[in-house]
Amino acid sequence: MSNPITKDFLHFEDLHVGQQVDLGKTKVTKSMIKTFALEFDPLPFHIDEKAAKASLLGGIAASGYQTGAIAIKMALKNFPGTLASAGGMSITDLKWKRPVMANDIIGGTVTITLLKRARSKPQWGIVNLDFDIKNQKNQTVMIMTLNNLIDVRNPEIGLERHHDHVV
Amino acid sequence: MTMWFEDINDGDSMELGQYCFTQEEIIKYNKEYDNQYFHTDPELAKYSHFGGIIASGWHTACVGHRLMVDEIKNREEAMVAEGMIPGVSGPSPGIKKMTFMQAVRPEDCISYKLIVTSKRASASLPGWGLLFSTIIATNQKGKQVFQSDVASFSKMRDFKPTIKQRFAMWAVKIPLLKKLMKK
């Protein structure tokens, strides 16, 4: 049952609602934007200067998918320990509020907003991680909530202890 | 979509094509963006409940987006070749819900499809509409692996701005007036 890889990782029992992690800083350079866009989002306003100037965004801007990819990367890197994740289930209420322009520096926070156990799957809990990604002007550029499964260290106990959150 | 906002109807759909994930690519993406053992290490991944390496859900979403961009580009080129003027797509303001139903594993071939579910005029951008679409991804066994309910801007062909809107659109092009308007 127990997984030797994750035994020292952060389990459900190690987390609490309200816990917040600072995501550090990532400078999103023009070359990063173009590289990502050529692979996943080759729209002219991510790649071509002229087209970008004429677009709604007014200059080379990162793909929203790149902002999300960097957000997940920063969360994994800056969490105080490795999460014993059992996989993501869904992402809800994702909003790209502002464009991330070339050379913007993004950071922000991820906050645990929900922890609950499921009777049908005692080995896992559900953790909701709210991402608030900001630029260097402290303006929010993207928000999303990641609903993730996380290993429970002691599945046999705790369904009672965490009864408030059992679904 | 390649059509103008006015010509798009609920239920319109577009096959976006198929993509086969390789282990090499899965590892490459995850080492950069989703560095977890069941995403990056085929041996260690055996200890996870997945029993092997799987793609990042976000990677699955990115690939679907790429296929959509390519399909739209192909259709636009075909329309231009026939002397038609394709509609204009804008950026996406967000995704209501993205669900990862099944693991995507190396050698899985995933087919993506987009279905328009509703549309309305944008309240914030005159001359643009909002399309709400669902992207559905299915593996080679016919099992749905992924779904994304995405919103996107689409330009209106027949938009006639009011005098006030016309002034606003002209004014934002002049930096000083733009600043004054923000105040």
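User: How many helices and strands are there in chain B, and what makes a stretch count as one?

Analyst: Chain B has five helices and five strands. In order, the chain B elements go β-α-α-α-β-β-β-β-α-α. This is a predicted model, so to speak: local features need pLDDT of at least 70 and side-chain atom pairs count only at pLDDT 80 or more, while totals for chains, interfaces and linings use all residues. As for labels, residues are numbered from 1 along each chain as its sequence is written, and chains are lettered from A and ligands numbered from 1 in the order in which they are written.

User: Why is chain B called more spread out than a compact globule?

Analyst: Its radius of gyration, taken over C-alpha atoms, is set against a globule rule of 2.2 Å times the number of residues to the power 0.38. For 183 residues that rule gives 16 Å, and chain B comes out at 21 Å, well over it, so the description holds. The C-alpha box of chain B is roughly 65 × 40 × 25 Å along the principal axes.

User: What makes β3(B) and β4(B) a pair?

Analyst: Two strands pair if DSSP finds at least two bridges between them. Strands β3 (109-121) and β4 (128-138) of chain B have ten, in the antiparallel sense, so they pass. A121(B) sits opposite G129(B). Six residues separate the strands in this hairpin, and G127(B) has a positive phi near 90°.

User: And how do you know that β4(B) pairs with β5(B)?

Analyst: Same test: β4(B) and β5(B) (residues 144-155) share eleven antiparallel bridges, one of them joining A137(B) to F146(B). Their hairpin has five residues between the strands, with G142(B) in the turn at a positive phi of about 85°.

User: How do you know that chain B is in contact with chain A?

Analyst: Contact requires C-beta atoms, placed from the backbone, within 7 Å. By that test, 27 residues of chain B touch 27 residues of chain A. On the chain B side, α3 (57-81) and β2 (94-100) each supply at least two residues. That side divides into 13 nonpolar, ten polar and four charged residues, where Ala, Val, Leu, Ile, Met, Phe, Trp, Tyr, Cys and Pro count as nonpolar, Asp, Glu, Lys and Arg as charged, and the others, Gly among them, as polar.

User: Which strand of chain A pairs with β2(B)?

Analyst: Strand β3 (85-96) of chain A does, antiparallel over five bridges. In one of these, K95(A) is partnered with G94(B).

User: What makes the largest nonpolar core a core, and which residues touch the most other members?

Analyst: A nonpolar core is a set of buried Ala, Val, Leu, Ile, Met, Phe, Trp, Tyr and Cys residues joined through C-beta atoms within 7 Å. Buried means 20 or more other C-beta atoms within 10 Å of a residue's own (exposed is 12 or fewer, partly exposed in between, with C-beta atoms placed from the backbone). This core has 70 residues, and A71(A), A75(A), F131(A), I150(A) and V104(B) touch the most other members. Helix α4 (64-78) of chain A gives the largest share, seven residues. Leaving aside residues up to four places away in sequence, F131(A) touches A71(A), G108(A), V110(A), I143(A), M144(A) and L146(A).

User: What percentage of chain A is buried?

Analyst: In chain A, 36% of the 167 residues are buried; in chain B, 33% of the 183 are.

Definitions and conventions: Helix = DSSP H or I, 4+ residues; strand = E, 2+ residues; numbered from the N terminus. Contact = placed C-beta atoms within 7 Å.
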